[in-house]
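Subject: Structure handover

Hello,

Please look through it first; my notes on what was found follow below.

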Amino acid sequence: MCGIVGYIGDKQAQDVLISGLSRLEYRGYDSAGIATIEDDALRVEKKKGRLVNLENILEKTPLSGKVGIGHTRWATHGVPSDLNAHPHASVNREIAVVHNGIIENYMPLKEELKSQGHIFVSDTDTEVIAHLLNALYTGDIVETVQIAMGKMKGSYALGILCANEPDKIVAVRKDSPLIVGLGNGENFIASDIPAILNYTREVYLLDNGEIAVLTKDNIQVLNIAGEIIDKEIFVVDWDPGAAEKEGYDHFMMKEMVEQPKAMMEALMGRCCESSISFTGLKLNEEMMKQINRIQIVACGTAYHAGMVGKYYFEKFARISVEAEVASEYRYKNPIVDKNTLLIVISQSGETADTLAAIRLAKDRGAWVLAVTNVVGSSIAREADDVIYTNAGPEIAVASTKAYVTQVGCMMLLASYLGKLNGKLGKADAARICHSLMMTPGLIDKALETQEVIKAFADKNHKIYDLFYMGRGLDLYTCMEGSLKLKEISYIHSEAYAAGELKHGPIALIEEGTIVVAMCTQENVFEKMLSNIKEVKARGAHVLAIVQEGHEDIASEVDEVWVIPNMDDDITPIPAVVYLQLLAYYLAVARGCDVDKPKNLAKSVTVE
Ligand code: M6R
């Protein structure tokens, strides 16, 4: 989704902005632009398509100036085009704006501004902000921004330049993330930490309604009434290299390879000597006695982790749990009150629908526990309690290491609650702990099978659809594998509970259709064999994934991948890695841009 970066200091702003924008490319975008001020004049350059298109223009005609703002746009209002790209400037070229979010009342504002003679050149809601600031300008851009905030409805993170006040950048946040980076003789703004990680690790995390005024040597943060706020400096502990490809062809491959380490980080301090604990978690035994409903809410891959979580809560803590996608939950008047525990899962911690679900549940008195990867993210800050997944920065749009750590945290949390409510015995807790500690090694084993998976992908990359089927925990692994495949290879795919195929989707199976049958669950292994026979009878080409000991399934299927023997309960963690790799190699064989899949964004900050 859209990315923002801004710079003020002694360097040429263009260089810092382009370097920052290149680190935001992973978010997904369709145009890019920058604005600088030099000799009190505003300069803007923007271009549809990849950042390289903008860079090619700037190579011929650079924008000089030591203050500037930049943006990568993911189209919402208006098609991707040069004109709709940000920054947007007022007609008198005094004010330029970059914006993440949506101005919901942009139409009435636009009509009013048009009636005052403002001429619009784009279809965007953002251009309205530039004109509005121009119309309201009092000679003081900070004061003008405060007035404009009273008129705009919706969500916005803004970076603003004013040619009349060339020694400052103004930044504002409302319901869309924005950070301010503290440098020495230079300062920054950004929508995401990686954009400025090469320059500083010290940041202010702006809260809703806050306005930051940056000069080269100073930063002031104000509330909407204009009062100065004392902000705490947040020190980012990510290593700048963590946001680089480090020799891998794609971030997705690098992040898949990092999964054993990510799992170790997620388990560290929580799973030791056969017992499970969460330091800092406020949710305790007393509070759990008051809870009579648990809901898990998330989107996409995080939702799949939530489904696995529901399975674990029901198995280990014997608590009935509802799991729902956030975009449905928030619009259906959910039954949620002060006796509800709402667990939200989000890699980025910024997903708009998940945030809205938190606000709804909190308004009704629920206790909100967030499971997220990004320290200081909006979701982490708005929830009552947080469990960090500790996976390290995830850059590829296709989530991999975040997913396995989310599942690991769900298993830990379910066991922890089972311990609190007395439903999980010591021996089972010890078994879970022991099994979880095996997952880094098991993921390593999965990664060692890359050649086999690549060969399968190279042979089959021309397929136009692929089915996954599984039972129990395998179903969620299939759903996640199918999502991964769709998003990066653009192959149509379905994931079904194996017993459901005969109720409809089996009609789609024809000669040669590839069906991946995930068969890691012993209690339903025989049932899976029947389902395999059903699809084989209709011509399917079946790839079965089984644990060691079930190699003889080879006589029933076309291909078998044997995974190491493990506790059935932890299979969602190592088993998904085979499906991640399958999606990856199919996408590579088809020539797809794995890290920047079309139409998708890393952080979905619009509803
Ligand atoms: O940042 P979040 O975990 O809240 O994001 C939710 C989904 O947008 C995300 O998981 C998406 O489905 C991924 N691209 C999947 O790989």
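Two strands are counted as paired if DSSP finds at least two bridges between them. The model is a predicted one, so please read everything below with that in mind.

The eight-stranded sheet

By that rule, eight strands make up an open sheet, with antiparallel pairing and the order β3-β2-β4-β1-β10-β9-β11-β14. The edges are taken by β3 (41-48) and β14 (234-235); each has a single partner strand, so one side of each is left without a neighbour in the sheet. Helix α2, residues 51-60, packs on this sheet and touches β2 (31-38) and β3. The direction of α2 makes about 135 degrees with that of β3.

At the β14 end, strand β11 (residues 202-205) runs antiparallel to β14, and two bridges join them. E202 stands opposite V235 in β14, and V203 stands opposite F234 in β14. Strand β11 also pairs with β9 (residues 179-182), again in the antiparallel sense, over three bridges. There, I179 has L205 in β11 as its bridge partner.

Two backbone details belong to loops. D39, in the loop between β2 and β3, has a phi near 50 degrees, which is a positive value in a residue other than glycine. P87 lies in the loop between β4 (67-73) and β5 (88-89). The peptide bond that joins H86 and P87 is cis, with omega at about 0 degrees.

The five-stranded sheet

A further open sheet has five strands in the order β23-β22-β24-β25-β26, and here the pairing is parallel. Its edge strands are β23 (492-497) and β26 (559-563); since each has a single partner strand, one side of each is left without a neighbour in the sheet. On average, neighbouring strands of this sheet are turned by 15 degrees against each other, direction ignored.

Within this sheet, β24 (residues 514-519) and β25 (residues 541-547) pair in the parallel sense over six bridges. I514 stands opposite H541 in β25. Helix α17, residues 525-536, lies across β22 (465-470), β24 and β25. The helix runs at about 170 degrees to β24.

Domains and their interface

The protein chain is divided into three parts: domain 1 covers 2-242, domain 2 covers 249-447 and domain 3 covers 450-589. The centres of domain 1 and domain 2, taken over C-alpha atoms, are separated by 34 Å.

How many residues of domain 1 are in contact with domain 2? There are 13 of them, in contact with 12 residues of domain 2. The size of an interface is often given as the accessible area lost when the parts come together. For domain 1 and domain 2, about 1100 Å² is buried between them, and 57% of that is on carbon and sulfur atoms.

The polar side of this interface can be listed briefly. Four residue pairs between domain 1 and domain 2 are in polar contact, with both residues at pLDDT 80 or more. Two salt bridges are found across the interface. D175 forms a salt bridge with R359, with 3.4 Å between the closest N and O atoms.

Salt bridges in the whole structure

Over the whole structure, the search finds 31 salt bridges. Among them is the pair R50 and D593, whose closest N and O atoms are 3.3 Å apart. This pair links distant parts of the chain, its two residues being 543 residues apart. R50 is in the loop between β3 and α2, while D593 is in the segment after α18 (572-589).

Regards

Note on methods:
Residues are numbered from 1 along each chain as its sequence is written. This is a predicted model: local features need pLDDT of at least 70, side-chain atom pairs count only at pLDDT 80 or more; totals for chains, interfaces and linings use all residues. Side-chain values use heavy atoms; hydrogens and water are left out. Helices (H or I, at least four residues) and strands (E, at least two) are DSSP runs, numbered from the N terminus. Axes are lines fitted to C-alpha atoms, for helices over the stretch in contact, and angles run from 0 to 180 degrees between N-to-C directions. Contact means heavy atoms within 4.5 Å. Domain bounds come from an automatic or database domain assignment. Buried area is the accessible area (1.4 Å probe) that two parts lose on being put together, summed over both. A salt bridge is a side-chain nitrogen of Lys or Arg within 4 Å of a carboxyl oxygen of Asp or Glu. A polar contact is a pair of N or O atoms within 3.5 Å; within protein, one must be able to donate a hydrogen and the other to accept it, and residues adjacent in sequence count only if both atoms are side-chain atoms.
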